[in-house]
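Hi,

Here's the structure I said I'd pass on. Have a look at it first, then read my notes below.

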Amino acid sequence: MLKNQKGFTLVEMLVVMLIITVLLILIIPNLTNQTNNVNDKGCQALAAVVQAQADAYYLDNGSYASSINDLLTNDYIDESQTSCNNDTRLILSNGKVILQ
């Protein structure tokens, strides 16, 4: 055999695979937790947008809408803005948007 052959030994390859596996085991659970956080923050952002539209309705009409449907029928929001991606509904109560 030649002594000057360059390459990785099987042990070196196994060590690299072990390190990659450990990193993946540490990273993947954190990614799934972040998905829930992103959905929650997205829902809060949607509620803020709908609240702004409820305030615009108040400025235009002099009173708050009695329900989300009033905002929907008067084209202040569209159908996709009545609930979040995680099936949380938006409700309008006394001019305030509530997540339910």
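Accessible areas here come from the Shrake-Rupley method with a 1.4 Å probe, and for residues only the protein chains shown count as cover. On that basis, the protein has an accessible surface of about 7800 Å², and 59% of that belongs to carbon and sulfur atoms.

Some ground rules: this is a predicted model, where local features need pLDDT of at least 70, side-chain atom pairs count only at pLDDT 80 or more, and totals for chains, interfaces and linings use all residues. Residues are numbered from 1 along each chain as its sequence is written, and side-chain values use heavy atoms, leaving out hydrogens and water.

Now the overall picture. You'll find two helices and two strands, in the order α-α-β-β along the sequence. (Helices are DSSP runs of H or I with at least four residues, strands are runs of E with at least two, and both are numbered from the N terminus.) The C-alpha trace spans about 90 × 20 × 15 Å along its principal axes.

Ala-65 counts as buried because its relative accessibility is 6%. Leaving aside residues up to four places away in sequence, Ala-65 touches Tyr-57, Asp-70, Leu-71 and Leu-92 (contact means heavy atoms within 4.5 Å). Also, its C-alpha atom is 6.7 Å from that of Gly-95, 30 residues apart along the chain.

Cheers

Key
Buried means under 20% relative accessible area, exposed over 50%, partly exposed in between (1.4 Å probe, protein chains only).
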